[in-house]
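Trainee: Before we go through the labels, let me see the model.
Mentor: Here it is.

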Amino acid sequence: MMPTVLQEELAVSHLLSVLRDKRTSAAEFVARTETLATLLIARALDLAPSEEAVVDTPLEPAHIRRIIERDVVGVPILRAGMGMERAFLRLIPSAPVHHIGVRRDEATFEPNYYYDSLPEDLSGKTAIILDPMLATGGSAIFTAKRLSALNPDRIVFCGIIGAPEGVRRLTSEFPDMAVFLGALDERLDENAYIRPGLGDAGDRHYGTT
Ligand code: PRP
Ligand code: URA
């Protein structure tokens, strides 16, 4: 499936301009990431399980469609994925969040798994992976494989910036997965960093550069 890339939307492009800027402080980086993640996740929630309902307004019943929040799970990839968690929970506060810890080895670029709080079974659920950066795709693919084994109805990936290499790998391993990105950048460099990118998302979020 082709990724949905929102960079043509001016608000998205504007937020990306702040995130990419090396002068942006960690506090500002966190705040703008959350806003951009809200736009991305809102779009991804078009794929969430939903139902028709009738709610009583103060004036009369209104027929509406609503998300079945408990049937959506957020899966932030630690650490940088934490930057998208509050956006997810502001949109659907009753949805469970299960973290996974995957750290990329900066010599081999292979994903190293160190933690997760995933349940034994995700059947009936739509799992939304949250990670700002899709570089080689290793961390996202590892996470998607781990989730697949738990039998969810659907897996969706939501990220701020992707590299063509990572998008290709992820969508060829998981052809049915919907991928939502703020931007699709030019390339990976020799250190597997996305160019032009925004640098190391986890370090910029936590001020650990
Ligand atoms: C970053 C990012 C992704 C991963 C992307 O995390 O948040 O998880 O790299 O790279 P990949 O597509 O090549 O796997 P990192 O491993 O640096 O950990 P951190 O979030 O703790 O800084
Ligand atoms: N991880 C990041 O945080 N940034 C990149 O450009 C690549 C991997």
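Mentor: Two strands pair if DSSP finds at least two bridges between them. Helices (H or I, at least four residues) and strands (E, at least two) are DSSP runs, numbered from the N terminus. This is a predicted model, where local features need pLDDT of at least 70, side-chain atom pairs count only at pLDDT 80 or more, and totals for chains, interfaces and linings use all residues. Residues are numbered from 1 along each chain as its sequence is written, chains are lettered from A and ligands numbered from 1 in the order in which they are written, and side-chain values use heavy atoms, with hydrogens and water left out.

Trainee: What joins β5 to strand β6?
Mentor: Five bridges, with β6 (residues 111-116) running antiparallel to β5. V102 has Y113 as its bridge partner in β6. The two strands form a hairpin with six residues between them, and F109 in the turn has a positive phi of about 65 degrees.

Trainee: Why is strand β5 called largely enclosed?
Mentor: Buried means under 20% relative accessible area, exposed over 50%, partly exposed in between (1.4 Å probe, protein chains only). Four of the five residues in β5 (residues 100-104) are buried, so the rest of the structure largely encloses this strand.

Trainee: Which residues does I128 touch?
Mentor: With contact meaning heavy atoms within 4.5 Å, and residues up to four places away in sequence not counted, I128 touches L45, V72, V73, G74, V75, F88, V156 and C158.
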